[in-house]
Amino acid sequence: MQSDSQIAPATAAQARQSLERGQFAQAEREAAALLAEAPENRDGLYMLAVAQRLQGQIDAALNTLTRLEETSPDYPRLYQERGHCRVMQRRAAQAIEAFERAVFLNPALPASWRALEALYRMNGRTEDAATAAAHVAKLASLPSEIVTARSMFADGETEAAEHLVRSYLLSHGDHIEGMRLLAQIGMKLDVLDDAELLLENVLRMAPDYVAARFDYVQVLLQRHKHRQAREQLQALKRAEPNNRAYLTAEATICTELGECEKALELYASLLSETPDHPELHLSMGHTLKTLGRQQDAIAAYRRAAACRSGYGDAYWSLANLKTYRFSQQEIAEMRRAEAAPRLAITDRFHLCFALGKALEDRGEYEESFAYYARGNALKKSESRYRAEFTEGNTRRQVEVCTTGFFAERTGWGAPSDAPIFIVGLPRAGSTLIEQILASHSQVEGTMELSDIPRLVQQLQGRGGEAEPRYPGVLRELGAADFARFAEQYLRDTALYRHGKPRFIDKMPNNFRHVGLIHLMFPNARIIDARRAPMACCFSNFKQLFASGQQFTYSFEDIARYYRTYVELMAHWDVALPGAVLRVQHEALVADFEPQVRRILEFCGLPFEQACLEFHKTARRVHTASSEQVRRPINTEGLEQWRHFEPWLAPLSQALGDLADA
């Protein structure tokens with residue numbers, strides 16, 4: 001589907017050229033023509049406002065900017081233009097407010113900084129004026145391509161910004177600001193390995209660049225490299241021990257490392273200074289949820305929603321408890337917020353998923369599905385996911401990882417049987433299996449560890465999915481390599497373990513890397529958590545993931561991914577007979593104790609009654625099923641998808657013969 005910004009590009013270009021030539025009346029006509037075709041076009045509204053202001057039509061320009069704000073509330077140039085209008089009206093306070101909002105959204109706006117410098121000086125704010133002047137000087141010292149690319153990135157034109165900064169770096173070599181910007185683009189696009197490498201190079205060139213080091217902390221956090229993130233953060237805190245951003249990041253690290261009480265202390269301290277900070281309340285809620293303190297988590301999420309109108313993530317966090325039921329008043333508030341025209345897309349799709357869950361719980365399935373579908377479409381619009389890459393990887397796994405391939409490598413890797421890998425698709429019952437096993441006295445539940453995916457990215461090389469080296473590179477590696485990978489894995493994951501002889505790695509997408517896991521740990525146990533196709537796929541469609549799992553936001557992508565998963569697991573059954581235990585979620589629920597005994601026997605563990613009473617086990621649970629596994633076994637969710645059957649024909653058709661499997 002074309003975005004508004006792609007409609008009638010020639011007219012947009014003509015209006016821009018007319019403005020640059022000083023032909024303001026002509027630019028106004030061209031922008032109006034563009035808007036006649038696409039009334040909400042961002043560029044058209046912006047250029048119309050500029051043309052109106054430059055002709056002295058200030059009230060008309062402000063009205064146009066109000067229209068623009070309804071559809072693009074986070075567009076920085078909207079506020080810069082509003083600032084120019086307020087200057088012409090001699091309303092200094094309103095002009096300052098507008099320019100400050102502009103540079104908050106996009107720090108690479110020289111015109112806004114110059115205007116702020118002048119306005120601050122006029123109002124006696126000499127220190128602020130000096131800060132604005134420093135920003136002007138900094139931007140003037142940078143190549144115009146880097147400044148333009150940073151503005152594009154802030155304006156939401158991510159692909160154009162990436163192309164421009166890459167072209168500059170290719171032509172001019174390493175540039176610290178260009179590399180940092182490219183890393184930030186990588187973080188937004190979830191290309192985290194590239195972002196990490198870029199920031200490492202930036203810090204080698206400029207070790208005292210504090211902002212880049214904090215970016216590095218953020219990317220390490222996103223890659224679940226919590227030990228390294230903590231080391232980098234400690235270096236920053238030595239210079240600024242009370243920096244609130246650093247303390248917030250430290251609280252996040254503490255939660256991920258299981259130091260939840262310390263995280264709560266940090267959040268409480270931060271909130272004592274800013275009691276109405278919505279993001280802090282949200283983060284505290286996540287930590288409380290991880291600890292199983294559901295009522296306290298609910299209170300934190302509600303406070304976050306109260307602190308900021310339309311805060312979609314707060315409402316989704318309540319919905320994502322799975323056991324929370326929204327009041328009629330809360331549903332009305334969510335409807336009102338989601339319908340508001342000036343809502344950021346992130347808040348909008350969070351609210352859509354929350355409303356889908358709220359209405360599903362009330363039995364209003366048609367409207368529930370409409371919200372789920374809308375939320376998925378919005379989320380999908382931000383995704384770069386391509387099913388062809390996953391399917392291509394599956395074909396290469398089948399070609400490389402044959403029975404003969406493994407026979408030639410018998411006994412390679414490390415002898416340890418400590419890790420138990422639970423693989424499959426999200427929302428397939430893996431958290432239940434994890435909770436059962438983690439209730440055993442010899443087994444430690446950790447989290448969805450990212451060590452195997454990180455190793456795969458390392459083996460993939462810089463070409464990524466476009467020029468895949470993995471899994472073909474497995475042929476080139478020797479026994480010592482896989483033993484080294486295994487030992488590194490055990491060292492790195494020790495951070496999440498506390499002395500028990502066995503531990504669980506519950507990263508679902510590791511089903512794509514069973515061959516690699518077997519070469520590293522030939523004695524490891526691998527469990528395939530499987531759920532009926534329609535139930536599993538629709539449960540993923542209803543789930544808004546914090547990160548990753550980009551295949552879940554359309555029926556076609558989900559169905560293709562599920563089919564790939566089934567095909568690859570069937571291949572592992574042939575190539576590695578007996579290496580994987582398949583646990584069908586429906587069978588586990590229906591025939592609980594025999595299935596639990598079967599799982600324990602496969603893992604070489606003696607039976608313990610606590611595994612049947614898994615819901616009594618007090619432990620940290622990080623996934624969306626955290627509250628569900630704190631309840632006794634039940635059949636409540638098995639057939640929920642059938643309430644939506646009238647709207648699921650496209651999913652069934654995409655699954656084909658698997659739909660009834």
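Select Ile420 to begin: Ile420 stands opposite Ile504 in strand E3. The model is predicted, with local features requiring pLDDT of at least 70 and side-chain atom pairs pLDDT 80 or more, while totals for chains, interfaces and linings use all residues. Residues are numbered from 1 along each chain as its sequence is written, and side-chain values use heavy atoms, without hydrogens and water.

Next, display strand E1 (residues 419–424) with E3 (residues 502–505); the two run parallel and are joined by 3 bridges. Strands are DSSP runs of E with at least two residues, and helices are runs of H or I with at least four, numbered from the N terminus; two strands pair if DSSP finds at least two bridges between them. Widen the view to the open sheet of 5 strands, ordered E2-E3-E1-E4-E5 with parallel pairing. At its edges, E2 (443–447) and E5 (580–584) each have a single partner strand, so one side of each lacks a neighbour in the sheet.

Now select Phe369 and Trp647, whose ring centres lie 5.9 Å apart with planes at 15°, so the pair is stacked (rings of Phe, Tyr and Trp, the last by its six-membered ring, pair with centres within 6.5 Å; planes under 30 degrees apart count as stacked). Phe369 belongs to helix H22 (residues 365–381) and Trp647 to the loop between H32 and helix H33 (649–655), 278 residues apart. Phe369, at 13% relative accessibility, counts as buried, whereas Trp647, at 26%, is partly exposed (buried: under 20% relative accessible area; exposed: over 50%; partly exposed: in between; 1.4 Å probe, protein chains only).

Notes. Rings of Phe, Tyr and Trp (its six-membered ring) pair if their centres lie within 6.5 Å; planes under 30 degrees apart count as stacked, over 60 as edge-to-face and the rest as tilted.
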